[in-house]
Amino acid sequence: MDGTTATKWVYSFGAGANEGRAGMRNLLGGKGANLAEMASIGLPVPPGFTITTEVCTAFYANDRKYPSGLEKQVKDALAAVEQTTGFRFGDPANPLLVSVRSGARVSMPGMMDTVLNLGLNDATVDGLARKSGDARFAWDSYRRFIQMFGGVVLDVDHHRFEEIIDEVKHEKLVTEDTALTAEDWQRVVSGYKKVVEDATGKPFPQDPWDQLWAAVGAVFGSWMNQRAITYRRLHDIPADWGTAVNVQAMVFGNMGEDCATGVCFTRDPSTGTNLLYGEFLVNAQGEDVVAGIRTPQPLSKASAKPGEVSMEEVMPEVYAELMRVRGVLETHYRDMQDIEFTVQQRRLYMLQTRNGKRTAAASLCIAVDMANEGLIEREEAVRRVNPASLDQLLHPTLDPSAKRTPLGKGLPASPGAACGAVVFSAEEAEARAQKGESVILVRIETSPEDIAGMHAAKGILTTRGGMTSHAAVVARGMGRPCVAGAGGLAVDYTSQTLSAGGQVVRGGETITIDGATGEVFVGSVPMIEPQLSDEFATLMGWADEIRTLKVRTNAETPLDADTARKFGAEGIGLCRTEHMFFDAERILAVREMIMADDAEGRRRAIGKLLPHQRKDFVELFRIMAGLPVTIRLLDPPLHEFLPHSEEEIAEVAASIGAEAEAMARRVADLSEANPMLGHRGCRLGISYPEIYEMQARAIFEAALEVAKETGKAPIPEIMIPLVGMKKELEITRAQVDRMAEAVFAEKGAKVEYSVGTMIELPRAALTADRIADVADFFSFGTNDLTQTVFGLSRDDAGKFLPAYLEQGILAKDPFVSLDREGVGAMVKIAVEKGRATKPDIKLGICGEHGGDPASIAFCQEVGLDYVSCSPYRVPVARLAAAQAALGVGGVDRTA
Ligand code: PEP
Ligand code: MG
């Protein structure tokens, strides 16, 4: 700042100039930026102004004081609003009323949301009555203002306000607010003012400017309240982003039967269907829809159920205008919008637009439809779908043929099925989930305080509220199955019961919810695998055209291999053969093999395993016909196979014909202090060559068998684990090559094969140039590599990693998302050294990171050839790989 230009703290919209635009979301918050954008493209937006997020940051940096110059800029901006509207702030004859709303860069439940009707006081209320010709409306507006201001700015318990209304209704023997007259509301206002004075020790502020600054202060204050802090922590939102404040001229949806308020999505946020989707309430103010107290009506005739009256029918011209605005917004923003509007005397006003939160299914459908409609490019469609969200689509649904005991039905608010123990509070949901329990959070309605519990729950059930209620919106964003507004169910927090039609479910008992149909069942209902939509296949096809990384799967069972093929895996990147040995039929032979104290004994046991192992490989090769299959030779930390109980020891002893006591001694001999760094991986193949020989034989025999049977030779890639030195690979590779020659000679036929190694030890990475001499490929075992680079036990990290994450020592669990700085540096060294020796050496990754979008972006950057991940993550990896090719960093985005 050079002293001549003062910082601009306030941006006007719809009042004279439009100083902001959509791209200024960091400065103006999402709401403010989009209000300015809508005003500038000619949509009907009530005029107002935005106080920037920089004011919030300055406020906290400067001991909660506003920066100099702010007051004057606010005064000027409000004067522009007065000019545009012809009303004046605080003018008893012709009062300007405003709303004050928070608006961060991303929508953030948990902060102070809204104060409406600000500017009303004992004098201006008469002006409003005269101007509107409706005293009842004016006094109702005043009491709403005191109630909202009292609640969110002055922190007065809302029950105290509700009691006053109840008293007045009680005296008049009426039950509905609509039965109250102007005089009644006037009495309510007096009662409210007294409540405020009692609670705060001061009279309700009458000066509109005092009201305004207090409301602005409350918005900034709410940035640091506990709920907002929790929300930011859950969503990785930095505290220094700050919030903006929007001050906007009021328009009234509650001024009579030709007024209304509503919220809608330009497409269905659950399914993505290209239809206007939303609700409205005649003669109501915005918060009434969100609060879910009155039941809103549908917008379009087509979506109206019997007994419902749509806006299309009661306000056809407003509906037509809304449809026009919808088109303008979608063409302009090129994305599905979530809008709030008010109708004042049949005129439509836009109060908000933002990119709408949506389910994974809707996100996919909308992206594909918009590309097909020509609104966006295919690449953009691929960019828009968050790969991690595909998980939701791959989730199981309820088995339609399964027996079920219905309990009730609500709205299908967020798809997916979930089953768990009923809990009635967010705290309990968190506590039980932490112990590893699956819980369903059951509430009458949810509020921003509940988000941590909603996050912890497998699913959410509410008995009140609509498709745009808090529960529905938040659950969809989180990808939690949710049934909302199940009005036929009764929740009793005191007796901890959920009941309907004589059936009672107690806290802790199991229920199942189906967020796609809205159904609720007693007990647990079996689930089935998901069906994937046409749009899913289309988007995956587009992703495949873009990506350069291949995607393989980690699989050793035919079921997993088959699932992965269906999800588009292009081969197997890791078959962990030790997982094949846990089968009841085989474990005894495996134990014999390990426990034998000479080569002869080992060979006998291995002879029993060979036919099983060959059959395993035949099945995998058939499923992966023509594709590469990486088979890793045995890599068990031995302790995983040792017999433990006396019975197990006796069983192995009997099978070998040895004494149980001798066996027990052998177990003691074999047990290790540090098995992860012990007798495992290629060390085992070097000390017991018979084992790798048997596995190599099984692989070659199986490959020849499948080649003969199908005419399509499989491509075995034999992988040696835990290599740290070139010599280790030389020796084990020679064993494999010798076995290949032997089998090919016996059978009079050959298959192509390659031999490579995992890079999962720092020494392997640092000497990768030497190891590459004898390796046809490298596969990064980043699970072990993370363990060994950090010196962090994979099996024990759970005890202290949470503290590391909590204290920000680590940003993410390094076993989930690759640590670029350390482990990534090691990978880079190995890539460079490996390629220096052998430029065309094949490079892949098979640690868990192969299915993590951020790690996949890293793999793209360092130039790996493929990633390999568990079957259900294959679609995630295909999409993430395409995004990585487009330069997207694989970070999670909030819509
Ligand atoms: C690895 O270490 O990354 C790996 C894939 O092997 P495992 O998890 O079986 O040790
Ligand atoms: Mg490993």
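**Figure 1. The protein chain of this predicted model is divided into four parts, domain 1 to domain 4.** Domain 1 covers residues 10–249, and domain 2 covers 260–358. Domain 3 spans 395–528. Domain 4 is made of two stretches, 547–637 and 672–885.

**Figure 2. Domain 1 and domain 2 touch each other.** The centres of the two domains, taken over C-alpha atoms, are separated by 23 Å. In this contact, 21 residues of domain 1 meet 19 residues of domain 2. The size of an interface is often given as the accessible area lost when the parts come together. Between domain 1 and domain 2 the buried area is about 1700 Å², and carbon and sulfur atoms give 54% of that area. Within domain 1, the residues that lose the most area to domain 2 are Met 38, Leu 43 and Pro 44; together they account for 29% of what the domain 1 side buries.

**Figure 3. Polar contacts, but zero salt bridges, are counted between domain 1 and domain 2.** Seven residue pairs are in polar contact between these domains, with both residues of each pair at pLDDT 80 or more. On the side of domain 1 that touches domain 2, at least two residues each come from helix 1 (25–40), strand 6 (114–118) and helix 5 (135–153). Helix 1 gives the most, with five residues. By type, the residues on this side of domain 1 are eleven nonpolar, five polar and five charged.

Figure 4. Strands of a sheet pair through backbone hydrogen bonds, either parallel or antiparallel.

**Figure 5. Strand 11 and strand 12 pair in the antiparallel sense.** Strand 11 runs over residues 337–344, and eight bridges join this strand to strand 12. One bridge brings together Glu 340 and its partner Gln 352, which lies in strand 12.

**Figure 6. Arg 614 and Glu 701 form a salt bridge.** Side chains of opposite charge can pair when their charged atoms come close. In this pair, the closest N and O atoms are 2.4 Å apart. Arg 614 sits in helix 22 (residues 599–623), whereas Glu 701 sits in helix 26 (residues 689–710). The two residues are 87 residues apart, and the pair links distant parts of the chain. A search of the whole structure finds 51 salt bridges.

How values were computed:
Residues numbered from 1 in each chain as written. Chains lettered and ligands numbered in written order. Predicted model: local features only at pLDDT ≥ 70, side-chain atom pairs only at ≥ 80, totals over all residues. Heavy atoms only, no water. Domains from an automatic or database assignment. Contact = heavy atoms within 4.5 Å. Buried area = accessible area lost by both parts, 1.4 Å probe. Salt bridge = Lys/Arg side-chain N within 4 Å of Asp/Glu carboxyl O. Polar contact = N/O pair within 3.5 Å; in protein donor to acceptor, adjacent residues only side chain to side chain. Helix = DSSP H or I, 4+ residues; strand = E, 2+ residues; numbered from the N terminus. Nonpolar A, V, L, I, M, F, W, Y, C, P; charged D, E, K, R; others polar. Pairing = 2+ DSSP bridges.
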